[in-house]
Amino acid sequence: MTEKKAEGKKIKNLLSLQIDPALFETASEEEKAQQVTMRESVSFMKDAMRRLRKNKIAMISLIIIVLVALIAFIVPTFYPYTYTKQDVTAQNLGPFQYSAKEQAKINKGQNIFPHIMGTDNLGRDYAIRVIYGTRISLLVGIFSALIVIVIGIIYGSISGYFGGKVDMVMMRIVDIIYSLPDVLIVILLSVAIKDWVSTSKNELISRLGAGMVSIFIVFGLLYWVSMARQVRGQILSIKEQEYVLASKAIGAGPARIIRKHMIPNCVSVIIIIAAMQIPSAIFTESFLSFLGLGVSVPMPSLGSLASDARTSLRSYPYQLIFPALSIFLIVLSFNLLGNGLRDAFDPKLRN
Amino acid sequence: MNAKFLSYLVKRLLMAFLTIFLVIAITFFVMHAIPASPFSSEKAKSDAVIAALEAKYGFDKPVTVQFWNYLVNILHGDFGLSTGWVGNTVIDLILGGFSYSARIGFTAGIIAIVLGVILGSIAALQRDRFLDKIIQIITTALVSMPSFVMATILLLVFALQLAWLPSLGNQPGGLILPIISLSLYPMAYVTKLQRSSMLDVLGQDYIRTAKAKGVKNSQIIFKHALKNTLTPVITYAGPMMAYILTGSMVVENIFSVPGLGRLFTNSMLRTDYMMIMGVTIFLATMIILMNFIGDILYKVIDPRIDLG
């Protein structure tokens with residue numbers, strides 16, 4: 001536009017600066033309008049979410065996770081049975097079976113809510129126990145991911161931001177923690193704190209059980225290392241990017257650089273690694289519960305339900321099938337969603 | 001073997017020893033933070049008896065002295081005496097259990113790597129075709145199943161319902177089901193690794209060059225591609241060892257195999273602290289050494305990797 005204006009003018013004395021006064025006029029409204037971008041700019045998050053929404057498998061997994069979470073957190077509030085209530089007349093019922101006492105009530109015309117998944121060997125409704133177990137699994141997954149996110153980001157960004165000797169020392173510590181066998185330490189810790197937890201005055205701790213408390217401790221101590229490594233790597237590489245230099249040259253302060261460049265570039269690794277952390281946390285919890293180190297009785301966990309089902313596996317196989325299916329569904333959905341998030345947020349990693 | 005590699009080797013070895021030392025320290029101090037003595041839970045013992053027992057096992061000395069003695073004893077292969085299986089040394093029990101666990105774990109590991117490499121290569125060569133999709137679905141399902149679910153379902157289907165295989169580890173053929181349950185997850189993982197690494201290698205220039213020269217497809221795969229695809233699989237050796245060793249705790253319990261995993265869970269039930277410490281340290285050492293071997297092999301096989 002401005003060049004066109006300049007072309008029209010005849011060339012002045014060759015030794016002059018060839019300045020065209022027209023170039024220094026204030027822009028007209030029409031010219032200003034041309035600077036306005038027609039299309040709304042697509043931010044990184046929006047772009048990634050669009051890619052995620054196109055991924056059918058990831059969206060189905062997300063819907064399943066949301067549904068399972070809704071069931072796990074809402075159903076117990078109005079469900080007619082509780083996970084502790086025992087009924088000696090209704091032991092080991094199959095799905096949709098009624099005990100003699102309940103059958104008599106039905107014959108009298110009363111409404112009895114069916115045992116959708118039957119009952120266990122103490123006559124407790126199995127469906128509500130599986131729902132509570134699922135709730136435990138989801139809580140462990142989400143809280144562990146939160147712990148990993150918070151510690152990993154703080155540690156990684158300090159290490160990456162300061163660089164140099166601080167970075168070297170901090171990363172050596174990460175290397176050592178990384179090579180510690182985490183599951184063994186979880187087991188060791190839950191054995192060690194078992195007595196303390198069961199006698200603890202703190203209601204939350206005693207309800208959670210040794211396994212859960214030690215999982216959270218170990219996640220806080222050990223599991224954040226891969227997150228810290230990735231965040232540090234990102235921060236280190238972003239620090240050296242030309243666009244950061246460019247925005248510094250324009251006069252952007254550290255706050256703006258962190259907000260506009262560091263955080264958006266770390267979001268993808270944070271989301272990807274947090275999503276991968278959830279299934280592994282759920283695995284660890286169910287594994288410990290299966291060994292009898294997880295939640296305290298009578299609180300059920302999918303691992304302890306599966307473990308209890310082993311004693312009468314031949315007669316009541318469904319007592320294994322329901323918790324097994326439930327844990328498989330949760331972990332599968334989180335894995336597939338994690339894959340979808342990875343593809344959406346980091347197209348470079350795609351194979 | 002050049003100087004750079006040697007210095008890497010030494011650095012990595014020191015790191016492994018430091019980690020093992022840390023594991024010993026963590027194990028020792030965590031177990032000693034427990035207020036209860038291993039003898040206090042047992043009934044019908046006077047204070048004098050408990051004191052005598054504590055003196056016998058050296059529990060009456062200051063913690064730092066105990067730690068030093070424990071460390072020195074471990075270096076001599078002495079993990080102390082078991083309190084849950086009275087009259088046995090911890091190391092004898094560990095080695096006895098390990099002979100079973102090693103057999104199961106080693107077989108499971110080999111099966112996982114061999115089948116995983118084959119399946120992963122097939123999936124990569126058949127990319128986006130029917131076979132690839134089937135393999136991908138199966139591996140995704142398998143990595144979403146905890147070892148105890150896998151083992152109990154195998155037990156339910158093949159031992160109880162179909163009665164094809166025995167359900168107890170001490171019967172003939174009884175180790176087949178534990179081996180299968182332990183190998184499925186790592187196999188699926190290796191398949192995933194091998195598939196993406198094979199796809200990566202097949203896209204390299206030297207593969208195209210070989211093809212342009214008229215090398216047969218089978219020769220390209222076996223002579224040029226396969227060797228270069230194996231590096232990611234090798235680095236998985238350490239984590240796989242960790243999975244198999246911890247997984248054997250549930251699998252050995254489910255199939256009643258008298259291995260190290262079952263010993264470990266039993267020593268938790270009997271609150272045998274010396275045993276718990278011994279097994280933890282033993283297993284952790286195995287995992288750390290396997291990680292070390294995997295890392296070194298990785299560098300030996302692929303010299304391009306930076307020895308930073």
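## Starting with helices

Helices here are DSSP runs of at least four residues, numbered from the N terminus. Everything described below comes from a predicted model.

## How confident is the prediction?

For chain A, the mean pLDDT comes out at 80, with 91% of the residues at 70 or more. Helix 4 (residues 56-78) of chain A has the highest mean, at 89, while helix 1 (residues 2-8) of chain A has the lowest, at 49.

Over residues 1-6 of chain A, pLDDT stays under 50, and the model has seven contacts beyond four places in sequence for that stretch. Where pLDDT is low, the predicted coordinates should not be read in detail.

## Chain B at a glance

Chain B has twelve helices and zero strands, so its pattern along the sequence reads α-α-α-α-α-α-α-α-α-α-α-α. Taken along the principal axes, the C-alpha atoms of chain B fill a box of roughly 85 × 60 × 30 Å.

Chain B has 308 residues, and 40% of them count as buried. Take the contacts in chain B between residues at least 6 apart in sequence: 73% of these join residues at least 24 apart.

Most residues other than glycine have a negative phi. Back to D128(B), then: it is not a glycine, yet its phi is positive, at about 65°. This residue has 8 other C-beta atoms within 10 Å, which means that D128(B) is exposed, since the cut-off for exposed is 12 or fewer.

S256(B) also has a positive phi, near 50°, and is a residue other than glycine. You'll find S256(B) in the loop between helix 10 and helix 11 of chain B. With 15 other C-beta atoms within 10 Å, S256(B) is partly exposed.

## Where the chains meet

How many residues of chain B are in contact with chain A? The count is 41 residues of chain B, touching 32 residues of chain A. On the chain B side, the helices that each supply at least two residues are helix 1 (3-32), helix 5 (130-142), helix 6 (147-161), helix 7 (176-202), helix 10 (237-254), helix 11 (260-269) and helix 12 (273-301). Helix 1 of chain B gives the most, with nine residues.

As for what kind of residues these are, the side of chain B that touches chain A has 31 nonpolar and ten polar residues, and no charged ones.

## Helix 6 of chain A and its partners

The crossing of helix 6 and helix 16 of chain A is right-handed. From helix 6 of chain A the contact includes Y126(A), V130(A) and G133(A), and from helix 16 of chain A it includes Q319(A), F322(A) and P323(A). Seven nonpolar and six polar residues take part in this contact, with no charged ones.

## A closer look at L305(A)

L305(A) sits in helix 15 (residues 302-309) of chain A. Is L305(A) buried or exposed? L305(A) is buried, because it has 25 other C-beta atoms within 10 Å, and 20 or more is enough to count.

Leaving aside neighbours within four places in sequence, L305(A) is in contact with R129(A), V130(A), G133(A), P300(A) and P323(A). Of these, V130(A) and G133(A) also take part in the contact of helix 6 with helix 16 of chain A, and so does P323(A).

Definitions and conventions
Residues are numbered from 1 along each chain as its sequence is written. Chains are lettered from A and ligands numbered from 1 in the order in which they are written. This is a predicted model: local features need pLDDT of at least 70, side-chain atom pairs count only at pLDDT 80 or more; totals for chains, interfaces and linings use all residues. pLDDT is the predictor's confidence in each residue, from 0 to 100. Two residues are in contact if their C-beta atoms, placed from the backbone, lie within 7 Å. Ala, Val, Leu, Ile, Met, Phe, Trp, Tyr, Cys and Pro count as nonpolar, Asp, Glu, Lys and Arg as charged, and the others, Gly among them, as polar. A crossing is left-handed if the near helix is turned anticlockwise from the far one by less than a right angle, and right-handed if clockwise.
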